[in-house]
Amino acid sequence: MYIRIHEILSGSRVNGPGVRNVVWLQGCTLNCPGCFNRLTHDPNGGRLISTDDLCEVLLSPEFPCDGITVSGGEPFQQPEGLLSLLKNLRARNTPPVLVFSGYIYTQLLDEPVRNACLPFIDALICGPYDRTSPSAYDRFCSTSNQELYLLSDRLKKEDFSGLPLSEVIIDDQGKAIVSGLMQLRSK
Ligand code: SF4
C-alpha cells in the first residue's frame with residue numbers, strides 16, 4: 001500500500017509528548033480559514049511512499065523516539081493508506097501513535113475505513129483549525145475547539161502539558177523545518 005506524504009521529521013519535541021518522529025501526510029480539502037499548512041493541500045503534491053518504507057523511516061534506530069505523530073494535510077483523506085500505516089506501526093510494536101485531524105470525532109466514527117483506523121491510534125487531536133478561537137498557551141491544541149481523545153492507556157492527558165510551543169529543526173539536507181503551536185498561531 002502506498003501513501004502520499006508531505007514531510008518527515010525526526011526528533012521533534014513540539015508535535016506531542018516526548019521526542020517524536022513525525023510524518024505530515026499530503027492532501028486536504030477541508031480548507032479551514034487561516035490554515036497554517038496550505039502546501040499540504042494538493043492531493044497530487046508531495047511524494048508517494050510505501051507504508052512499509054515509511055515505517056522503516058519513522059522507526060529508524062538512528063532516530064530513537066518516544067512516539068510517532070501523524071499529521072497533515074488531512075490524514076483521514078487517505079483512509080486506506082492511513083489504516084495500512086497504522087497497522088504496520090502497531091505490528092512493529094511502535095511507541096504511542098498520535099494523530100492530528102481536522103475532522104470532528106463523529107465524522108471519523110461515521111465512515112467505516114476511518115473508523116477502522118481508530119483502534120490503532122493511541123491519542124487523537126481532532127477538529128477543524130479555527131483561527132478565531134486560539135487556545136490558551138498551555139494547551140496542546142492549536143485552537144480551543146479541538147479535542148484530545150485518549151484511545152488507549154499508553155498516553156495520559158498530563159503527558160500533553162508543558163510541551164514546547166515551537167521549534168526549528170535543520171534536516172540533513174540543511175532545510176529548516178519550523179513547527180509547533182507558536183507557528184500555527186502566527187499565521
Ligand atoms: S485540516 Fe489542517 S491542513 Fe486541512 S485545512 Fe484544516 S488546518 Fe489546513
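Which residues are around the ligand? Start there. The model you have open is predicted.

**Stop 1: the ligand shell**

Select Cys28, Leu30, Asn31, Cys32, Cys35, Phe36, Thr40, His41, Gly73, Gly102 and Tyr129; these are the residues around the ligand. Colour them by type. Six are nonpolar and five are polar. No charged residue belongs to this shell.

Take Asn31, Gly73 and Phe36 in turn; each is one of the residues around the ligand.

**Stop 2**

Most residues other than glycine have a negative phi, and most peptide bonds are trans. Here you can see exceptions.

Centre on Asn31. It sits in the loop between β2 and β3. Its phi is positive, about 55°, although Asn31 is not a glycine. At 49% relative accessibility, Asn31 is partly exposed.

Now go to Gly73, in the loop between β4 (67–71) and α2. Show the backbone. The peptide bond joining Gly72 and Gly73 is cis, with omega about 15°.

**Stop 3: the aromatic pairs**

A pair of aromatic rings is described by the distance of the centres and the angle of the planes. Two aromatic pairs are counted in this model. The pair of Phe36 and Tyr129 has ring centres 5.2 Å apart and planes at 80°, so it is edge-to-face; over 60 degrees counts as edge-to-face. Both residues also belong to the ligand shell.

Phe36 is in the loop between β2 (20–25) and β3 (47–50), and Tyr129 is in the loop between β6 (123–126) and β7 (147–150). The pair therefore ties together parts that are 93 residues apart in sequence. Phe36 is partly exposed at 23% relative accessible area, whereas Tyr129 is buried at 9%.

Next, select Tyr105 and Tyr149. Their ring centres are 4.3 Å apart and their planes are at 15°, so this pair is stacked. Tyr105 lies in helix α3 (residues 105–109) and Tyr149 in strand β7, so the pair ties together parts that are 44 residues apart in sequence. Tyr105 counts as buried at 19% relative accessibility, because the limit for buried is under 20%. Tyr149, at 28%, is partly exposed.

**Stop 4: the salt bridges**

Side chains of opposite charge can pair when their charged atoms come close. How many salt bridges does the structure hold? There are five.

Begin with Asp52 and Arg92. Their closest N and O atoms are 3.6 Å apart. Asp52, Glu56 and Arg92 are linked in a network of salt bridges.

Now pick Asp122. Is it buried or exposed? Asp122 is buried, with a relative accessible area of 1%. It takes part in a salt bridge with Arg90, with the closest N and O atoms 4.0 Å apart. Arg90 lies in helix α2 and Asp122 in the loop between α4 (112–117) and β6, so the pair ties together parts that are 32 residues apart in sequence. Arg90 is partly exposed at 34% relative accessibility.

Asp122 also meets Arg154 in a salt bridge, 3.0 Å from N to O. Arg154 lies in the loop between β7 and β8, so this pair, too, ties together parts 32 residues apart in sequence. Arg154 is partly exposed, at 35% relative accessible area.

**Stop 5: Asn93**

Select Asn93, in the loop between α2 and β5. Asn93 has a positive phi of about 60°, although it is not a glycine. Asn93 is exposed, at 67% relative accessible area.

**Stop 6: a nonpolar patch**

Finish on the surface. Select Val168, Ile170 and Val178. They form a nonpolar patch with about 270 Å² of accessible area together. Zoom in on Val168, which is in strand β8 (residues 167–170). Val168 is exposed, with a relative accessible area of 55%.

Definitions and conventions: Residues are numbered from 1 along each chain as its sequence is written. This is a predicted model: local features need pLDDT of at least 70, side-chain atom pairs count only at pLDDT 80 or more; totals for chains, interfaces and linings use all residues. Side-chain values use heavy atoms; hydrogens and water are left out. A residue is near a molecule or strand if one of its heavy atoms lies within 4 Å of it. Ala, Val, Leu, Ile, Met, Phe, Trp, Tyr, Cys and Pro count as nonpolar, Asp, Glu, Lys and Arg as charged, and the others, Gly among them, as polar. Rings of Phe, Tyr and Trp (its six-membered ring) pair if their centres lie within 6.5 Å; planes under 30 degrees apart count as stacked, over 60 as edge-to-face and the rest as tilted. Helices (H or I, at least four residues) and strands (E, at least two) are DSSP runs, numbered from the N terminus. Buried means under 20% relative accessible area, exposed over 50%, partly exposed in between (1.4 Å probe, protein chains only). Patches are made of residues with over 30% relative accessible area and no salt bridge: like charges are joined within 9 Å, nonpolar side chains (Val, Leu, Ile, Met, Phe, Trp, Tyr) within 5 Å. Accessible areas come from the Shrake-Rupley method with a 1.4 Å probe; for residues, only the protein chains shown count as cover. A salt bridge is a side-chain nitrogen of Lys or Arg within 4 Å of a carboxyl oxygen of Asp or Glu.
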